[in-house]
Amino acid sequence: MSALLIIGRVMFSLIFLASGTAGHLGQTEGTAGYAEMRGVPNAKLLTQLSGVLIAVGAVGVILGFWMDLALLGLAVYVLFTNIMVHHFWTDEDPMTQQMEMTQFMKNLALAGGALVMFVLTGSGVDMGWTLTDPFFSF
């Protein structure tokens with residue numbers, strides 16, 4: 001069972017690791033341009049900062065290094081991103097609205113999964129091999 005938990009943590013984290021490294025940091029100009037188009041202020045700086053934060057969060061979940069804190073950070077990030085970037089309700093073009101709503105819903109699912117794992121980790125549930133004990137304890 002422990003192996004499945006670790007595999008699940010890796011699978012969950014891959015989207016953040018890839019987005020942070022390849023997207024936010026590897027293609028900063030394009031990602032920042034999209035964020036700026038969606039109304040994000042200081043888009044380049046925030047793109048780089050968020051790239052580092054989500055990559056670090058993903059590694060924290062994979063390695064189990066203060067995994068609960070990493071999960072909480074990732075949940076906050078995707079919820080914040082939904083408000084700042086994927087505000088589909090402001091779009092008038094139906095295709096743009098559909099694309100942004102899809103991203104919004106994907107982020108809700110990721111935040112939900114992160115919050116569930118956050119609570120389980122902080123409650124002392126064995127989440128498989130970890131480098132550290134949880135930061136929080138409920």
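Reader: Are Phe-88 and Phe-104 buried or exposed?
Author: This is a predicted model, where local features need pLDDT of at least 70, side-chain atom pairs count only at pLDDT 80 or more, and totals for chains, interfaces and linings use all residues. Residues are numbered from 1 along each chain as its sequence is written, and side-chain values use heavy atoms, with hydrogens and water left out. A residue is called buried under 20% relative accessible area, exposed over 50% and partly exposed in between, using a 1.4 Å probe and protein chains only. Phe-88 has 17%, and both Phe-88 and Phe-104 are buried.

Reader: What kind of aromatic pair do Phe-88 and Phe-104 form?
Author: Rings of Phe, Tyr and Trp (its six-membered ring) pair if their centres lie within 6.5 Å; planes under 30 degrees apart are stacked, over 60 edge-to-face, and the rest tilted. For Phe-88 and Phe-104 the centres are 5.3 Å apart and the planes at 75 degrees, which makes the pair edge-to-face.

Reader: Which parts does that pair tie together?
Author: Helices here are DSSP runs (H or I, at least four residues), numbered from the N terminus, as are strands (E, at least two). Phe-104 sits in helix H5 (94–122), so the pair ties helix H5 to a place 16 residues away in sequence, where Phe-88 lies: the loop between helix H4 (67–84) and helix H5.

Reader: How far apart in space are Ile-83 and Phe-104?
Author: Ile-83 belongs to helix H4 and is exposed, with a relative accessible area of 58%. In sequence, Ile-83 and Phe-104 are 21 residues apart; in space, C-alpha to C-alpha, the gap is 8.6 Å.

Reader: How far apart are the end C-alpha atoms of H4?
Author: The expected span of a helix is 1.5 Å times one less than its number of residues. H4 has 18 residues, so it should span 26 Å; that agrees with its end C-alpha atoms, which are apart by 25 Å.

Reader: What covers the buried residues of H4?
Author: Those buried residues include Met-67, Leu-71, Leu-74 and Val-78. Counting contact as heavy atoms within 4.5 Å, the cover includes helix H1 (2–25), H3 and H5.

Reader: Is Leu-63 buried or partly exposed?
Author: Leu-63 lies in helix H3, which covers residues 43–63. Its relative accessibility is 34%, so Leu-63 counts as partly exposed.

Reader: Which residues form one aromatic cluster?
Author: By the ring-pairing rule, the count comes to 9 aromatic pairs. The one cluster is formed by Phe-65, Trp-66, Phe-118, Phe-135, Phe-136 and Phe-138.
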